[in-house]
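User: I've got a new model open and I'd like to talk it through. Can we take it one question at a time?
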Amino acid sequence: MKSTKSITNIRLCECKDSPYIKPKSMFFCENGKERKWDIIQAHDSVAVFLYHKQKESFVVVKQFRPAVYLKEMANNTQVEIGWTYELCAGITDKTDKTLKQIAQEEILEECGYNVPLEEIYKVTEFYSSVGFAGSKQTLFFAQIDENYRVSDGGGVDDENIEVIFIPKSQAYSFIFNESYPKTSGVMFAFLWFFKKEVL
């Protein structure tokens, strides 16, 4: 189990040149009044909700998020501050690939399963961080089993990702258990799945 004990030598500095985000101020008139809004231009992304048929479990990933760590470190006494439960996901910065191909690549890199493109289905798309970024995320769904496994996953380069299996029988309580820091995308995906089953 990973913990913040492995996170050391934390330093903060101004973000001057990033390939991922570009802070800007936008000036505009609204109802005749001049306004200013600080925004961050960021890449869109894909996320994949995975269901493992043999394990009867949902597959999510757990990783350290510095922004969450900074937000929680002053008030949180938990051991694993900054580690969040998320959908398998990635930014859409590869212009030579479709969104579905990027989703397929993220499943392989983060979770270790090579899922055929025709078995990855688009659910919907939505905007996130609308107050300051307005990035669009496209949500996909796929069912997997061990026949698709080619590695343990964990990400590439310096990514440090843990693959987590949430049993279907425990999934609904997981959504509302605040001791598991999670994204709204995870919660939406779980609720979408249960609604889909009812229909």
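User: Before anything else, what kind of model is this? And how much space lies in the largest pocket?

Analyst: Keep in mind that this is a predicted model. The pocket to look at is the largest one, and its space comes to about 2300 Å³.

User: Which residues are the closest to the centre of that pocket?

Analyst: The lining of the largest pocket is made of 48 residues. Sorted by type, they divide into 23 nonpolar, 14 polar and 11 charged. The ones closest to the centre are Gln 63, Arg 65, Pro 66, Glu 86 and Ile 91.

User: Which helix gives the largest share of the lining of the largest pocket?

Analyst: The largest share of that lining is five residues. They come from the helix that covers residues 66–72, which is H1.

User: Let's zoom in on Gln 63. Is it buried or exposed?

Analyst: Gln 63 sits in strand E4. Its contacts, leaving aside neighbours within four places in sequence, are Gly 82, Trp 83, Thr 84, Glu 86, Asn 160 and Ile 161. The cut-off for buried is under 20% relative accessible area. Gln 63 has 10%, so the word for it is buried.

User: How far apart are the C-alpha atoms of Gln 63 and Ile 161?

Analyst: Along the chain, Gln 63 and Ile 161 are 98 residues apart. Even so, they are in contact. Their C-alpha atoms are separated by 5.0 Å.

User: Where is Glu 106, and is it buried or exposed?

Analyst: Glu 106 lies in helix H2, residues 99–111. Not counting residues up to four places away in sequence, it touches Cys 88, Ala 89, Gly 90, Lys 94 and Cys 111. With a relative accessible area of 6%, Glu 106 is under the 20% cut-off, so it counts as buried.

User: And Glu 159: what is its relative accessibility?

Analyst: Glu 159 is in the loop between E8 and E9. Apart from neighbours within four places in sequence, it is in contact with Glu 110 and Gly 154. Glu 159 counts as partly exposed, at a relative accessibility of 33%.

User: Which residues does the Nudix box annotation cover, and how much of the span is helix?

Analyst: The UniProt record, an unreviewed entry, lists "short sequence motif: Nudix box" at residues 90–113. The end C-alpha atoms of that span lie 15 Å apart.

User: Now the inside. Which element gives the largest share of the largest nonpolar core?

Analyst: That core has 19 residues, and Phe 49, Phe 58, Leu 87, Ile 166, Phe 190 and Phe 193 touch the most other members. Elements giving two or more residues to this core include strands E3, E4, E8 and E9, along with helices H3 and H4. The largest share is five residues, and it comes from H4.

User: What does Ile 166 touch?

Analyst: Ile 166 is one of the core members that touch the most others. Leaving out residues up to four places away in sequence, it touches Ser 57, Phe 58, Val 60, Ala 171, Phe 174 and Phe 190.

User: How many residues are in the second, separate core?

Analyst: Its members include Val 46, Val 48, Leu 50 and Ile 161. The count for this second core is 18 residues.

User: What is phi near in Asn 9, and is that residue buried or exposed?

Analyst: Most residues other than glycine have a negative phi. Asn 9, in the segment before strand E1, has a positive phi near 55°. At 59% relative accessibility, Asn 9 is over the 50% cut-off, so it counts as exposed.

User: Last one: what is phi near in Ser 129?

Analyst: Ser 129 is found in the loop between strand E7 and E8. It is partly exposed, with a relative accessible area of 36%. Its phi is positive in a residue other than glycine, with a value near 50°.

Key:
Residues numbered from 1 in each chain as written. Predicted model: local features only at pLDDT ≥ 70, side-chain atom pairs only at ≥ 80, totals over all residues. Heavy atoms only, no water. 1 Å grid on protein atoms, 1.4 Å probe; cavity = no way out; pocket = protein on both sides within 12 Å on 5 of 7 lines; lining within 4 Å. Points joined across faces, edges and corners; volume = space filled by probe spheres on them. Helix = DSSP H or I, 4+ residues; strand = E, 2+ residues; numbered from the N terminus. Nonpolar A, V, L, I, M, F, W, Y, C, P; charged D, E, K, R; others polar. Core = buried A, V, L, I, M, F, W, Y, C linked by side-chain atoms within 4.5 Å. Buried < 20%, exposed > 50% of the residue type's maximum accessible area, 1.4 Å probe, protein only. Contact = heavy atoms within 4.5 Å. UniProt positions renumbered as here; feature names shortened; annotations may be inferred.
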